[in-house]
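Biologist: I would like to learn how to read the features of a structure such as this one, going from strands to helices and then to single residues. Could you take me through them in turn?

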Amino acid sequence: METKTLVVNGIPRRLLVNPDDTLVDVLRGQLQLTSVKVGCGKGQCGACTVILDGKVVRSCITKMRRVPENAAVTTLEGIGTPTCLHPLQHSWIFHGAAQCGFCTPGFIVSAKGLLDENPNPSREDVRDWFQKHHNICRCTGYKPLVDAVMDAAAVMRGEKTLEDIQFKMPADGRIWGSRLPRPSAVAKVTGVAEFGADAAYRMPPDTLHLALAQAKVSHAIIKGIDTSEAEKMPGVYRVLTHKDVKGKNRITGLITFPTNKGDGWERPILNDTKVFQYGDALAIVCADSEANARAAAEKVKFDLELLPEYMSAPEAMAPDAIEIHPGTPNVYYDQNEAKGAETQPFFDDPDNVVAEGSFYTQRQPHLPIEPDVGYAYINEQGQVVIHSKSVGIHLHALMIAPGLGLEFPKDLVMVQNTTGGTFGYKFSPTMEALLGVAVMATGRPCHLRYNYEQQQQYTGKRSPFWTTMRYAANKQGKILAMETDWSVDHGPYSEFGDLLTLRGAQYIGAGYGIPNIRGKGRTVCTNHCWGAAFRGYGAPESEFPSEVLMDMLAEKLGMDPFELRALNCYKEGDTTPTGQTPEVMSLPEMFDIMRPKYEAAKKRAKELSTPEVKRGVGVALGVYGAGLDGPDTSEAWVELNEDGGVTVGSSWEDHGQGADSGALGTAHEALRPMGIPAEKIRLVMNDTSKTPNSGPAGGSRSQVVTGNAIRVACEMLMEGMRKPAGGFLDYAGMKAEGRPLRYDGKWSAPAKDCDANGQGSPFACYMYGLFMAEVAVEKATGKTQVEKLTCVADIGELCNQLIVDGQIYGGLAQGVGLALSEDYEDIKKQSTMVGAGIPSIQMIPDEMEIVYVKTPRKDGPHGASGVGEMPLTAPHPAIINAIYNACGARITHLPAYPEKVLEAMPK
């Protein structure tokens with residue numbers, strides 16, 4: 001230990017430090033400056049960025065021995081405060097550059113360092129700076145961040161005023177469809193938003209910090225667990241195993257289809273009989289510090305009998321493969337698809353043109369910047385309270401309660417923390433049950449934080465699809481029939497695997513009026529990482545093969561692939577692959593809007609191509625339903641306040657997508673007859689002890705289903721306040737007449753589940769996206785650069801354009817990663833952000849154009865559909881198609897690594 005003075009945000013601070021500690025440990029742990037975040041912990045993401053003696057540094061890899069005496073350190077707290085925002089913070093808010101907000105402090109501090117050096121940067125200067133300093137964002141697609149820096153710089157040079165970058169309320173006070181910043185924006189841009197890891201510094205002194213003892217193999221029988229050495233380690237309070245779990249020690253899949261061959265109870269909380277995947281938790285160490293807990297976890301010993309590891313669907317489907325869950329076949333769910341007439345005659349007809357292919361979409365990791373984190377305690381009522389990143393608090397409570405031996409809601413409360421991005425992985429419970437076990441066994445508050453390796457190895461990933469399919473079309477290009485076969489590698493745990501497999505029947509070939517379809521899909525249990533929801537949930541996996549095959553069919557027909565799509569897209573009389581009539585018929589209009597852009601892009605590509613760098617243009621059509629299947633239901637409540645405002649209660653969970661903006665905008669629009677200003681609408685969100693079951697925030701359902709529940713509650717309140725002669729009673733009048741002040745709204749989608757053949761009307765509202773990618777491919781290396789992305793989107797009326805723009809930019813960026821770089825196949829090499837291929841700013845084009853076709857949805861609140869899934873439905877096939885049109889390399893197995901593109905080029 002040594003003493004060292006740091007001048008932190010202008011104030012000298014004398015500290016006793018360990019020279020081997022990192023600067024971020026000192027800033028967060030000793031000085032409580034929790035704006036400085038820890039994401040990757042390896043200097044790869046920039047969440048920990050600070051300015052040290054005038055230089056931008058990553059504090060998670062800066063050892064205190066390298067920090068000079070009297071060094072000047074600037075964190076976000078020293079740049080601006082909620083009551084005195086810096087121009088960068090104003091601009092971040094104005095451009096919607098803080099979505100989840102976890103990376104925001106690092107980016108703003110990095111941008112401050114840039115503007116200190118270069119007050120007049122170009123857009124390329126900004127992008128180069130963030131690239132150089134390893135600042136990574138997973139939410140925004142980077143474009144809003146560059147926009148924010150450029151405008152802040154203009155303000156600081158005196159070329160713009162702060163007023164120019166502040167939201168101006170419309171004259172009529174209507175916020176629906178506006179660019180009103182999200183209510184949480186100020187907290188996020190100033191670093192005062194408390195994320196799960198920040199809470200560790202504010203918890204009671206007797207809090208226990210947890211670490212997991214995890215399997216380092218993917219399949220084994222557990223013969224013994226020895227905790228004796230771990231129990232003797234410094235600071236250890238207890239070491240827990242499956243014997244300490246008070247309930248069934250299982251997490252139930254809860255929603256298991258009747259024809260599923262499993263029962264949905266195969267996932268342990270703490271593994272007791274077998275290891276099913278690398279990283280499975282066998283013990284929990286509870287200690288006085290995270291460091292002591294982690295050290296002790298390494299001392300837990302396992303006696304294992306190794307079994308064959310089936311790391312892909314084909315391996316687990318092999319005739320000699322043993323059952324991963326004894327008694328349940330590895331292929332545990334089959335999904336049929338049958339629409340129209342038998343398809344074989346169309347493929348046998350010599351007058352038809354047939355295109356066929358085999359395709360693979362990979363185990364895409366979610367790669368949030370914030371690793372999984374949570375904490376729990378027992379409240380004054382004796383209930384177990386679990387705080388986490390859950391985006392399905394009621395769903396998760398029901399999934400984990402029996403395993404813990406609790407009844408929900410009597411014994412268990414779930415609360416969502418401010419969440420640093422999930423993109424769907426938190427549709428599944430991760431650490432919630434582990435926290436419950438620890439709190440119940442120890443009786444003390446407990447905190448658990450994964451490092452990034454654990455985030456990769458012990459949270460779910462996108463399930464790979466292995467798909468073969470073919471189209472039969474007449475010589476004019478009209479598709480007459482489609483046949484499909486798909487296998488879903490869902491890892492070892494079945495939760496939602498059957499639902500995901502159904503998505504293949506719903507979305508392979510979506511967007512086109514194909515009258516005759518036959519197909520079969522299956523869910524396969526493997527020993528790789530378990531399958532979790534990921535943005536697009538089934539559509540990126542399904543629409544990749546059908547959209548690449550559309551280009552292959554166009555080539556065989558001698559047609560332009562754009563015009564082939566325009567010919568076959570939904571028109572009056574067409575139905576979806578499930579036999580449903582689309583709720584709107586806007587696709588022809590969307591193609592008409594994109595057509596001149598497409599022709600101009602092809603011309604550009606031809607003019608700019610060189611022998612060394614080939615350029616190409618690709619298109620793809622994406623479709624997704626906004627909701628869970630069938631009569632998806634949500635609840636919300638609204639209460640009149642004494643000051644004439646209202647409080648809106650819902651469990652509209654927030655991945656970072658803007659749930660607070662959605663709830664506010666939807667309620668404000670519903671209450672417009674009363675003239676309540678936006679600032680008098682208060683939100684209570686995401687606490688099962690206070691908010692109703694609004695359902696999980698997944699499948700782009702929240703704006704439609706929870707939005708409608710909020711609308712219904714608001715309309716009930718207004719009806720309850722209505723005077724017989726017109727107008728509305730105020731709070732005092734309502735009290736005087738004894739009228740209720742609170743109303744519970746509920747809404748169910750007018751939709752019908754699919755039958756055994758995949759036929760039905762599963763969603764009331766859909767989202768449509770037409771994507772165009774412009775790429776450059778280096779002939780010598782196969783490296784692909786996406787130079788521009790264009791999206792023509794119909795998601796109905798927009799609740800908040802600032803939020804929706806950000807969702808689409810971010811989804812497009814994730815599509816670039818899905819197409820070119822992201823994977824989690826190698827458990828060790830791809831356990832870091834860089835190893836897994838997270839896109840940096842230079843991978844993502846600065847040119848991203850969005851055009852909205854706002855067709856009102858009759859079943860959407862105020863005409864809105866969803867948005868979150870749509871931008872990741874099909875940008876990746878557009879990129880893959882563009883690569884082929886640039887250099888002739890047809891990639892059918894993702895991702896399109898440079899060596900893969902190089903190998904596929906015509907020789």
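Modeller: What follows is a walk through some strands, helices and residues of this model.

Modeller: This is a predicted model, in which local features need pLDDT of at least 70 and side-chain atom pairs count only at pLDDT 80 or more, while totals for chains, interfaces and linings use all residues. Residues are numbered from 1 along each chain as its sequence is written, and side-chain values use heavy atoms, with hydrogens and water left out.

Biologist: In which sense do E1 and E2 pair, and over how many bridges?

Modeller: Helices (H or I, at least four residues) and strands (E, at least two) are DSSP runs numbered from the N terminus, and two strands pair if DSSP finds at least two bridges between them. Here E1 and E2 run antiparallel and are joined by seven bridges, with Thr 3 having Leu 16 in E2 as its bridge partner. Two residues lie between the strands of this hairpin, where Asn 9 takes a positive phi near 50°. E1 also pairs with E5, in the parallel sense and over three bridges, and there Val 7 has Ala 72 in E5 as its bridge partner.

Biologist: Which strands does E16 pair with?

Modeller: Strand E16 (residues 373–378) pairs in the antiparallel sense with strand E19 (residues 446–449) over four bridges, and Gly 374 stands opposite Leu 448 in E19. E16 also pairs with strand E17 (residues 384–388), again antiparallel and over four bridges, with Ile 378 opposite Val 384 in E17. E16 and E17 form a hairpin with five residues between them, and Gly 382 in the turn has a positive phi of about 80°.

Biologist: What is the order of the strands in the open sheet that contains E23?

Modeller: In a regular strand the side chains alternate between the two faces of the sheet. In this case four strands form an open sheet in the order E23-E28-E29-E30, with mixed pairing. Its edge strands, each pairing on one side only, are E23 (613–625) and E30 (847–852). For angles, axes are lines fitted to C-alpha atoms, for helices over the stretch in contact, and the angles run from 0 to 180 degrees between N-to-C directions; neighbouring strands of this sheet are turned by 15° against each other on average, direction ignored. E23 and E28 (residues 766–778) pair in the antiparallel sense over 13 bridges, and Ala 620 has Phe 771 in E28 as its bridge partner. Helix H18 (residues 587–608) packs on the sheet, where contact means heavy atoms within 4.5 Å; H18 touches E23, E28, E29 and E30, and its direction makes about 5° with that of E28.

Biologist: How do I read a pair of helices, and at what angle do H19 and H20 cross?

Modeller: The axes of helix H19 (residues 659–670) and helix H20 (residues 702–721) come within 9 Å and cross at roughly 35°. The contact brings Gly 662, Ala 663, Thr 666, Ala 667 and Ala 670 in H19 together with residues of H20 that include Gly 707, Ile 710 and Arg 711.

Biologist: Is His 90 buried or exposed?

Modeller: Buried means under 20% relative accessible area, exposed over 50%, and partly exposed in between (1.4 Å probe, protein chains only). His 90, in helix H2 (residues 87–94), counts as buried because its relative accessibility is 15%. A polar contact is a pair of N or O atoms within 3.5 Å, where within protein one must be able to donate a hydrogen and the other to accept it, and residues adjacent in sequence count only if both atoms are side-chain atoms; one of 3.4 Å joins the side chains of His 90 and Gln 166.

Biologist: Where is Asp 629 found, and which side chains make polar contacts with Asp 629?

Modeller: Asp 629 is found in the loop between E23 and strand E24 (633–640), and it counts as buried because its relative accessibility is 15%. Its side chain makes a polar contact of 2.8 Å with that of Arg 503, and another of 2.8 Å with that of Gln 506.

Biologist: What about Asn 757, is it buried or partly exposed?

Modeller: Asn 757, in the loop between strand E27 (742–748) and E28, counts as partly exposed because its relative accessibility is 34%. Leaving out residues up to four places away in sequence, Asn 757 touches Gln 335, Asn 336, Glu 337 and Ala 338.
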